[in-house]
Amino acid sequence: VTADTSAPVFEVFDVLLDCNNPSLPLNYSSDNSEVSIEWQGPNNFTSSESNPVIDEAGTYSLSLLNADGCETSQSLEVTIDTITPLFSLEGEDIPCTSSNTNIFVLNGEADWTYEWEGPNNFTSANSNITVDEPGTYLLTTANPQNGCMYSSFIEINQIEGPNTIEYSITEADCFFPDFGSIEITTIIGVTEPYQYAVDQNDNFTTAVFFDQLEPGIHTVYIQDINGCEFSEEFELNEFEELYVTLANQITLDIGVEFQIEVETNIDESQIAQIVWTPSENLDCSTCLNPVITGSSNNSYSITITDVNGCVVSATIQIRVEDVEIFIPNIFSPNRDGINDFFTVFASDSQIQQIESLQIFDRWGNQVFFGQNLNPNDPNSSWDGKFNEKEASLGVYTYLAKVVFIDDSYQIFTGDVTLIR
């Protein structure tokens with residue numbers, strides 16, 4: 001018997017990965033198909049497949065083992081070419097004095113392919129381009145050697161002349177009723193230095209304040225360093241005499257709240273100060289329309305000062321109605337549901353409480369005393385009894401201290417006749 005000790009014969013092939021082929025199978029060639037296969041590679045890679053797919057560079061080895069136990073190994077190299085065609089873009093914005101601009105590719109290669117995309121379906125296969133529309137321009141390059149691609153974009157703007165002007169206007173006022181002025185505060189969309197003019201665009205100056213302007217329509221002009229201009233109309237109004245008016249007089253019940261209505265032609269944004277005098281019984285002495293609580297007769301004045309220092313004033317008379325108090329002069333505590341108790345009757349909105357109520361008989365004896373009583377309340381009244389017995393018929397004297405809703409008070413005295 002003769003042993004076969006010939007090892008498997010085979011050939012392996014190096015692999016190149018690139019952007020077109022980021023993964024490929026490992027290949028070998030052998031006439032002997034009756035073998036066991038073992039691939040090994042980077043990061044503990046192993047496989048028993050004939051052609052495993054790999055995506056990592058490095059050294060790979062293949063071992064073949066035949067049925068007689070003979071084994072042969074060979075190595076191959078897997079390399080990667082994924083170098084991207086990097087570049088940078090350079091271009092200037094389209095100035096207001098020109099209709100186009102150029103975009104240049106820096107660090108580009110002649111054998112690359114170029115594909116431009118831009119506004120309004122713009123396309124080009126050139127490396128450097130001339131454009132006449134503002135917007136975003138995207139360039140994609142491709143390296144035909146490895147299929148790798150790279151994209152970058154550049155934003156091209158249209159350099160406008162001045163396009164926005166902000167200014168403050170001073171209208172004719174009580175101090176200067178015939179003239180107004182304009183002060184330019186902010187310019188947007190221009191290149192310094194700036195120059196300005198009002199009503200004539202052939203007399204530019206660096207001054208930003210223009211006065212002695214009569215009421216009417218005016219035009220302000222702006223010019224930047226490139227000679228680009230912008231203009232905008234503004235209007236100065238005729239001076240209107242300022243006023244503030246109030247009702248001559250209002251009548252309130254005591255304790256009733258009322259919002260004072262003020263009429264004025266001064267816009268609230270132009271009001272610098274509001275002062276009410278006196279300030280008593282007002283919820284706010286610096287508001288345009290304060291709420292007053294009826295307490296006593298008085299006159300109130302409002303003085304308004306606008307942002308220009310102009311002052312107007314007006315006065316209103318506040319008349320407070322007398323409190324309607326009813327104290328009966330006869331009652332009959334006979335439990336018939338009619339006039340069965342004696343107290344002070346008044347509107348709850350006008351009276352806080354009856355601080356004290358005292359009843360005396362003809363000899364001066366106090367037959368009833370109550371404190372902090374509610375008006376109109378049978379439970380806070382004299383029921384015609386003295387020492388829990390029916391009081392004698394006759395005339396009695398009362399003394400009542402009544403506190404009004406505004407914390408003022410009044411003492412009422414009189415006679416009441418008890419009958420049954």
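**View 1. Ser181 within its strand.** Ser181 is found in strand E18, which covers residues 180-188, in a model that is predicted. Because its relative accessibility is 8%, and buried means under 20%, Ser181 counts as buried. Setting aside residues up to four places away in sequence, Ser181 touches Ser168, Ile169 and Thr170, and its other contacts are Phe209, Phe210, Asp211, Leu213 and Leu236.

**View 2. The whole chain, for orientation.** The chain has 37 strands and 0 helices, and its C-alpha trace spans about 160 × 90 × 25 Å along the principal axes. The radius of gyration of the chain is 51 Å, whereas a compact globule of 420 residues would have one near 22 Å. Of the 420 residues, 35% count as buried, and the accessible surface comes to about 24200 Å², with 44% of that surface belonging to carbon and sulfur atoms. When contacts between residues at least 6 apart in sequence are considered, 53% of them join residues at least 24 apart.

**View 3. The largest nonpolar core.** In soluble globular proteins, nonpolar side chains tend to be buried together. The largest nonpolar core of this chain holds 44 residues, and the members that touch the most other members are Trp276, Ile302, Ile304, Phe342, Ile359 and Trp382. Among the elements that give two or more residues to this core are strand E24 (249-253), strand E27 (271-277), strand E29 (298-306) and strand E30 (311-321), and also strand E36 (394-404) and strand E37 (409-418). A second, separate core has 15 residues, including Val15, Leu17, Tyr28 and Val78.

**View 4. The surroundings of Trp276.** Which residues is Trp276 in contact with, leaving aside its neighbours within four places in sequence? The contacts of Trp276 include Leu246, Ile260, Val262, Leu282 and Leu288, together with Cys284, Cys287 and Pro290. Tyr300, Ser301 and Ile302 are also in contact with Trp276, and Ile302 is, like Trp276, listed among the core members that touch the most others.

View 5. The peptide bond that runs from Thr277 to Pro278 is cis, with an omega near -10°. Pro278 itself is found in the loop between E27 and strand E28, the latter covering residues 291-293.

**View 6. Ser380 and Asn376 in one loop.** Ser380 is found in the loop between E33 and strand E34 (385-386), and Asn376 lies in the loop between E33 and E34 as well. Are these two residues buried or exposed? Ser380 is buried, because its relative accessible area is 11% and the limit for buried is under 20%, whereas Asn376, at 28% relative accessibility, counts as partly exposed. Not counting residues up to four places away in sequence, Ser380 touches Thr343, Leu373 and Asn374. Asn376 has a positive phi of about 70°, although it is not a glycine.

View 7. The place of Asn387 is in the loop between E34 and strand E35 (389-390). Asn387 has a positive phi of about 55° although it is not a glycine. With a relative accessibility of 61%, Asn387 counts as exposed, because exposed means over 50%.

Notes
Residues numbered from 1 in each chain as written. Predicted model: local features only at pLDDT ≥ 70, side-chain atom pairs only at ≥ 80, totals over all residues. Heavy atoms only, no water. Core = buried A, V, L, I, M, F, W, Y, C linked by side-chain atoms within 4.5 Å. Buried < 20%, exposed > 50% of the residue type's maximum accessible area, 1.4 Å probe, protein only. Helix = DSSP H or I, 4+ residues; strand = E, 2+ residues; numbered from the N terminus. Contact = heavy atoms within 4.5 Å. Rg over C-alpha atoms; globule rule 2.2 N^0.38 Å. Areas by Shrake-Rupley, 256 points an atom, 1.4 Å probe, with all protein chains shown as cover.
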